[in-house]
Structure formats: C-alpha cells, structure tokens
Amino acid sequence: MITIRQLRYFQALSETLHFGHAAKRLNISQPALSGQIAQMETEMQSALFTRGPAGVCLTADGELVAERVRRILAEVRELESLADRSAGVLGKRLRVGMIATVAPYLLPRLLPALGEAYPNLECQVRESVTQRLIGDLRNGEIDCAVVALPLDYKDVETIPLFEDRFHLAVPAKAAAALPRPVPVGRLMSQRMILLEEGHCMRAQALDVCRIAGDSELASLAATSLTTILRMVAGGLGSTLLPEMAVADEARSDAIAILPIADPAPCRQLVLVFRPTSARRRDLEAFAGVICRSMEKPCKGAA
C-alpha cells in the first residue's frame, strides 16, 4: 500500500533528482529515503527512477506518476488547511509567497500589522519569482502569493490588492536636467537598467520603455532592485522604481527619485491562490491587512 509519506518522498526526489538533496529537504537520512522509494517502486511494480553517478532521472512511468503525485499532495494540503479553519480567521498558519520586488518593502509594514490584528497567526514567507511561486502554489507548498499582473495562468484565482505607481530613479547629478514630474516621453532619453530575465518587473519596465519610444536599454541586469540602485548611484543608468520602495530607497544622496507625470505607469498587485482553496475568508482578510498596512484601498479584500 502506497503511503502519503512515500508520495512526499517521491515528490522531493522528483524535484531535486538527487538523493542527498532530497533527504536534506525532508530532514531524513539517505537510506531512509532510498528505502521508501524502493518500497513505492515495489508496490507499483515499476522503476520510477534511473540511478546514475551524477544523480537520478525519472523514468517514463515516473513522469506519469509525478504529475498525479503533485495533484494528490495538493489535495492533501487542502484537507490540512480545512483543519486550520477551526481556529477562526487567520488563526493558525498561512504560507505566503512574494515576488522579490515586493517582499523587502511590504514585510516591514505587514508583519507588525498581522501580529496586532491576528496574534495567533503563524505567517511563513517565501520570496521568489512569479513562475516559481505559481509552481509552489500548484504543488500546495504555499497558500497564496503576492504577485503583479498580468498572469498567464488559467488555473489560479486572484484578489486585487492595489496599484503601485512607478517612479524614475536617476543619478543625483542628472536630476536637474529633468522636469518634475517627468513626462513619459522623456524616459526615452534615459539609459534604463533592468532586472534580469524571470522577474515580472523586467517585463513591466520593457512595456513602459516601448510606450516611451524604445528608450536605450543598458546591457546591465541584476537580481534585485537594491543592486540596480547601486548601479544608478554609480552613474551607469536609470531605472523604474515602484512607489512602495521609494521611502526606503530615497535615503541615498547619490540617487534622485522623480515622479512620472500622469498617466503614470504602474503595476497592479494581486493575491493569487488556488481555485480549490478552502481558505477564501482567510485570504480576503489577509489581503485587507496588506492594503491597510500600505495605506491603500483594496477592492478585493474583506
């Protein structure tokens, strides 16, 4: 008989394709992991992995099993979340994902507000790019995620949060040559530095640059806004900065952060979750705290 434990061990190994890494993720020994996988293969009368010196690979049967295991474990986690509802709204654990251009600026305001409004809540936060967070959501590893539109995923639902306007961050020495607010058309005169591939804000910035008339894009890219702003401070170019980051990043004398004239480009932040989630009330309440902590109206929150 195949057990939930074996399914979880299988999922860890199918994602890492390495016994050592999977065992570390599961906090168990490699022999214990190998034994459970072997039992599962015996039960299914099929090899699910091929073993080699460099690691393991899923067999054809293993590929078929992996998709079903993902769905089964997601449903199991939904059942576990039903038990959490007995503690009331946001009374227990909530596993939250956030994109990297939101987490550093939202969390310092959000966590104290959550602690005051819902003192029994255990909020676990995971920071990553949108695509990975959607994968974690599908797998049931997180309950929801704060991301930006657009989302090209049909198997998720969203609660609207708020609009986050973009500002223009330029080297302080270059600020005097720009009007305030900066017309969108003037962005085409800026050498823009963007986040690397995979970050949704890169795509948003590219869209703004196209609207502005294809401003010159620097060949430089970075994994975080903090790194980009260091490049801006060094005179390497300019960048778009979301409004929620302005207060924290405006402290540098080497950078000037300028408003963009209306209609200013912006991003729409949403809370994304699985349509099968049994925690809609929790998620609406959580969305409400997010908006209140940022002093923003929230149409989709309770």
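Is T59 buried or exposed? T59 is buried, with a relative accessible area of 14%. The views below show close-ups of a predicted model.

**View 1. T59 sits in the loop between β2 and α4.** Strand β2 covers residues 55-58, and helix α4 covers residues 60-84. The relative accessible area of T59 is 14%, under the 20% limit, so T59 counts as buried. Leaving aside residues up to four places away in sequence, T59 touches A47, L48, F49 and T50.

**View 2. Helices α1 and α3 pack against each other with their axes within 9 Å.** Helix α1 spans residues 4-16, and helix α3 spans residues 30-44. Their axes cross at roughly 110°. The two helices are therefore roughly perpendicular to each other. From α1, the contact draws on R5, Q6, L7, Y9, F10 and L13. From α3, A32, L33, Q36, I37, Q39 and M40 take part. By class, this contact has eight nonpolar residues, three polar and one charged.

**View 3. Helix α2 also meets α3, at a crossing angle of roughly 100°.** Helix α2 runs over residues 19-26. The axes of α2 and α3 come within 9 Å. On the α2 side, the contact is made by F19, G20, A22, A23 and L26. On the α3 side, Q30, L33 and S34 contribute. Five residues of this contact are nonpolar and three are polar. None is charged. L33 of α3 is listed in the contact with α1 and in the contact with α2.

**View 4. R138 and D155 form a salt bridge.** The closest N and O atoms are 2.8 Å apart. R138 belongs to helix α6, residues 130-138. D155 lies in the loop between β5 (144-148) and β6 (157-171). The pair links distant parts of the chain, 17 residues apart. R138 is partly exposed, at 31% relative accessibility. D155 is partly exposed as well, at 36%.

**View 5. A salt bridge joins D164 to R267.** Here the closest N and O atoms are 3.1 Å apart. D164 lies in strand β6, and R267 lies in strand β11 (residues 266-273), so the bridge ties together parts that are 103 residues apart in sequence. D164 and R267 are both buried.

**View 6. D262 pairs with R165 in a salt bridge.** The closest N and O atoms are 2.9 Å apart. D262 lies in the loop between β10 (255-259) and β11, while R165 is in strand β6, so this pair ties together parts that are 97 residues apart in sequence. Accessibility separates the two partners. D262 counts as exposed because its relative accessibility is 61%, over the 50% limit. R165 has a relative accessible area of 31% and is partly exposed.

**View 7. R95, D143, R279 and D282 belong to one salt-bridge network.** Salt bridges that share partners join these four residues. The structure as a whole holds 15 salt bridges. Among them are R138 with D155, D164 with R267 and D262 with R165.

Note on methods
Residues are numbered from 1 along each chain as its sequence is written. This is a predicted model: local features need pLDDT of at least 70, side-chain atom pairs count only at pLDDT 80 or more; totals for chains, interfaces and linings use all residues. Side-chain values use heavy atoms; hydrogens and water are left out. A salt bridge is a side-chain nitrogen of Lys or Arg within 4 Å of a carboxyl oxygen of Asp or Glu. Helices (H or I, at least four residues) and strands (E, at least two) are DSSP runs, numbered from the N terminus. Buried means under 20% relative accessible area, exposed over 50%, partly exposed in between (1.4 Å probe, protein chains only). Contact means heavy atoms within 4.5 Å. Axes are lines fitted to C-alpha atoms, for helices over the stretch in contact, and angles run from 0 to 180 degrees between N-to-C directions. Angles under 35 degrees count as roughly parallel, over 145 as roughly antiparallel, 65 to 115 as roughly perpendicular and the rest as oblique. Ala, Val, Leu, Ile, Met, Phe, Trp, Tyr, Cys and Pro count as nonpolar, Asp, Glu, Lys and Arg as charged, and the others, Gly among them, as polar.
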